[in-house]
Amino acid sequence: MAPDSSERVRIRGGCHCRSVRFEAEVEREARILDCNCSICSMTGFRHLMVPHGDFRLLSGEDALVRYRFGTGTAEHLFCGTCGVKSFYQPRSHPDAWSVNLNTLDDIEALTIIAQPFDGRDWERAQAALD
């Protein structure tokens, strides 16, 4: 029998040097945003939105380096040792963390459904999400 796509699963992940570690509860059917903005396309960030209450930083808060650009609304968080951005506070979803799908330890339990997000025309793309 196939797993229930509405079932919630626990995911874990973090940065390359393992200083930053997190876990979260997400739907098995994981809807992600593939953004083409300047920073996401350069870093390969694939957005899995996780409500703040479903995310827990396990270690590495003191290793995080903050970066803001453009409107300054989004808070990009990078490991100060290895430089990996495993999650950050996006402008598009103020009540959620954006977790980089590429930084998860294992995605086998997830069914990934990718949606393009035109971050180069952010305002129009954001309006389409609502």
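Strand S10 (111–117) is part of what covers the buried residues of helix H2. The model is predicted, and helix H2 spans residues 122–129. The points below start with this helix and then turn to the whole chain.

**Helix H2**
- The buried residues of H2 are Trp122, Ala125 and Gln126.
- These three residues lie on the same side of H2, because they cover an arc of only 100° around the axis.
- An α-helix has 3.6 residues a turn, so residues three or four places apart point the same way.
- Glu123, Arg124, Ala127 and Ala128 are exposed, and they sit on the face of H2 turned away from its buried side.

**Order of helices and strands**
- The chain contains 2 helices and 10 strands.
- Along the sequence, their order is β-β-β-α-β-β-β-β-β-β-β-α.

**Overall size and packing**
- The chain has a radius of gyration of 14 Å, close to the 14 Å that the globule rule gives for 130 residues, so the chain is as compact as a globular protein of that length.
- Taken along the principal axes, the box filled by the C-alpha atoms is roughly 45 × 35 × 25 Å.
- Of the 130 residues in the chain, 42% are buried.
- Counting contacts between residues at least 6 apart in sequence, 57% join residues at least 24 apart.

Note on methods: Residues numbered from 1 in each chain as written. Predicted model: local features only at pLDDT ≥ 70, side-chain atom pairs only at ≥ 80, totals over all residues. Heavy atoms only, no water. Buried < 20%, exposed > 50% of the residue type's maximum accessible area, 1.4 Å probe, protein only. Helix = DSSP H or I, 4+ residues; strand = E, 2+ residues; numbered from the N terminus. Arc of directions from axis to C-beta. Contact = heavy atoms within 4.5 Å. Rg over C-alpha atoms; globule rule 2.2 N^0.38 Å.
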